[in-house]
Structures are given as C-alpha cells and as structure tokens.
Amino acid sequence: WDRFVNLANEHGIIALEWHNITGTGNAGYMPAAYLAILQKAYYKNLTRTTYLYHQLSWILELIKDEGIRVVLLKGMALEKTIYGNQGLRQMTDIDILVREDDVLKLRKILMKNGFRSDPFKSPLYKHLIPYLNTHIPRLTKADCHVEIHYKLFDQPDNTLTEKVTELSVPLKLNDHEAYIPPPQLFFLYLISHLSHHRQGGDSQLRQYTDIYLLLCDRYDEIVDDDLIPYARDANMERELAVMLYILENYWDVTF
C-alpha cells in the first residue's frame with residue numbers, strides 16, 4: 001500500500017484514485033490509514049484547483065477589453081469538461097494558448113499586475129519568442145504559475161495551432177469567457193505533449209489518462225478521416241500510431 005500511494009502521487013492521479021476506489025465501493029478493501037491519505041490528497045487537490053480557476057478568472061477580468069482569446073490547455077480544459085469539474089485532475093500551472101501577436105501583450109499585462117518572469121536573455125529575445133519554443137518563460141505570482149503557449153505542434157508555419165484557436169469553443173468561467181480546444185486537435189496535442197515528456201523520461205500516468213478519457217468522451221469527433229492527415233501535418237504520425245497501439249492493447253479501445 002505504501003508503494004501504491006506513492007506511485008499514485010508521483011503519477012499525478014492520487015485524487016482520481018480516491019474517487020475511483022470509493023466510487024466503485026472498494027474502500028473497505030483498503031486499509032483505513034491509506035484511504036485517509038488518498039482522501040486528504042483529494043481535498044488538497046480540490047482546494048488547489050479551485051484556487052487556480054479563481055486566479056484564471058482574475059486574469060480574464062484583467063484582459064476583458066484587450067481582445068485576447070485565451071484557450072485553456074491540459075488540465076485547465078480537461079477538469080472543467082472531461083473530469084466533470086470535481087477536483088480530480090491534478091494541476092500545478094495555468095496553461096493557456098494565445099495567438100502569437102498576443103503573447104507579449106498578455107505578458108506585459110500580467111507583469112504590471114504582480115507577476116514576475118525570468119529575465120529575457122537579451123534585448124533581442126522578445127523579438128525571437130515566436131520562433132524559439134512553445135511557450136515563454138513561466139510567470140509567477142505568489143503560488144500561481146502561468147505558462148503562455150503560442151505553438152503546439154512541430155510545424156514551421158504554425159497553421160495547426162492557429163486552427164486550434166479558430167475552432168475553439170467558449171466556456172463560461174464565472175462572468176468571464178475562456179475557450180476549449182477542438183477535441184481532435186486537442187487529442188493530438190496531448191499525445192505530442194506526452195511524447196516530449198516520455199523522451200525526457202518524466203511521463204506520468206495522468207497524461208495517458210487525459211488522452212484516454214478525452215477519446216472516450218469525444219470519440220466520434222476525434223476518430224475520423226481528418227485524424228491521420230492532421231497527424232501528418234503535425235509531423236507526429238509515429239507518435240499517434242504508438243498511442244493508438246497503447247489504447248487498443250491496454251485500454252481495449254477499438255478503432
């Protein structure tokens with residue numbers, strides 16, 4: 001049980017484990033002390049998630065008149081949709097996507113309102129931002145971390161990322177509006193993101209769970225004639241093939 005709890009925590013699914021074990025009526029098979037650890041982790045995660053969405057609402061208030069479309073990524077999008085807004089998807093950062101032209105504009109607004117960032121490496125760095133990585137250095141205020149992304153796929157022209165922004169759908173957050181990526185391109189992005197982590201040796205079961213749950217919830221919108229051409233455009237046909245193999249052989253998903 002020590003190993004189980006430690007692995008659940010390391011893989012970012014400890015809150016989800018508590019939900020699944022108690023929700024399936026199996027709590028009585030787990031020692032009470034370890035079940036209590038899972039429950040405490042769930043409430044801690046619920047608190048953290050609530051805090052991050054509160055901070056996101058504040059950010060959306062800051063930019064409400066700036067014309068910046070904020071597309072939620074990773075857990076920020078999945079928690080409110082696929083996970084059912086129950087505090088089950090563990091998160092540390094607010095990950096968002098904006099258009100390239102809005103990156104520095106949003107960064108400047110956040111830094112004027114108390115966020116700090118790693119300093120630019122040179123006066124030219126800000127002009128090179130769209131060409132160097134997938135997101136700018138993380139911005140931090142107190143215990144809130146924001147990663148502003150502007151490129152999701154390995155593409156020189158960034159057309160698929162632009163399509164994610166164009167096809168994203170609105171999501172109400174209190175009195176504000178953010179956006180959720182279209183399922184098919186979101187599915188490919190999550191696979192690409194996992195692939196980068198796997199190459200670095202730091203992938204988590206949480207990332208596989210995200211992909212599986214998104215596919216189960218939006219299967220017909222993901223698995224169609226556009227999926228492989230999009231993967232080809234993103235230069236990730238092999239990554240897609242590997243993930244479909246894993247989903248079929250370990251999660252019994254049929255294609």
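Tutor: Contact here means heavy atoms within 4.5 Å, and with that cut-off in hand we can read this predicted model one feature at a time.

Student: Which residues does valine 146 touch, not counting residues up to four places away in sequence?

Tutor: With those sequence neighbours set aside, valine 146 touches Ile59, Ile94, Ile96, Leu110, Phe115, Arg138 and Leu139.

Student: How should I read the largest nonpolar core, and which residues have the most contacts inside it?

Tutor: The general idea is that in soluble globular proteins nonpolar side chains tend to be buried together. In this structure the largest nonpolar core has 78 residues, and those with the most contacts inside it are Leu72, Val146, Ile148, Phe153, Phe187 and Leu188. Helix 3 gives the most to this core, contributing nine residues.

Student: What lies around the side chain of asparagine 45?

Tutor: A polar atom of that side chain lies 2.6 Å from the backbone oxygen of glycine 87. Leaving aside neighbours within four places in sequence, asparagine 45 is in contact with Ala15, Gly87, Leu88, Arg89, Gln90 and Met91.

Student: How do I read the pockets, and what is the volume of the largest pocket?

Tutor: Rolling a probe the size of a water molecule over the atoms shows where empty space is left. Here the largest pocket has a volume of about 410 Å³. It is lined by 20 residues, of which Thr134, Leu152, Ser192, His193 and His196 are the closest to its centre. The elements giving two or more residues to this lining are strand 5 (144-149) and helix 8 (183-199), and helix 8 supplies the largest share, seven residues.

Student: What space lies in the second largest pocket, and which residues are the closest to its centre?

Tutor: The second largest pocket holds about 310 Å³ of space. Of the 21 residues that line the second largest pocket, Lys74, Arg89, Asp95, His193 and Arg206 are the closest to its centre. Helix 4 (74-80), helix 8 and helix 9 (205-217) each supply at least two residues of this lining, which divides into six nonpolar, seven polar and eight charged residues.

Note on methods
Residues numbered from 1 in each chain as written. Predicted model: local features only at pLDDT ≥ 70, side-chain atom pairs only at ≥ 80, totals over all residues. Heavy atoms only, no water. Polar contact = N/O pair within 3.5 Å; in protein donor to acceptor, adjacent residues only side chain to side chain. Core = buried A, V, L, I, M, F, W, Y, C linked by side-chain atoms within 4.5 Å. Buried < 20%, exposed > 50% of the residue type's maximum accessible area, 1.4 Å probe, protein only. Helix = DSSP H or I, 4+ residues; strand = E, 2+ residues; numbered from the N terminus. 1 Å grid on protein atoms, 1.4 Å probe; cavity = no way out; pocket = protein on both sides within 12 Å on 5 of 7 lines; lining within 4 Å. Points joined across faces, edges and corners; volume = space filled by probe spheres on them. Nonpolar A, V, L, I, M, F, W, Y, C, P; charged D, E, K, R; others polar.
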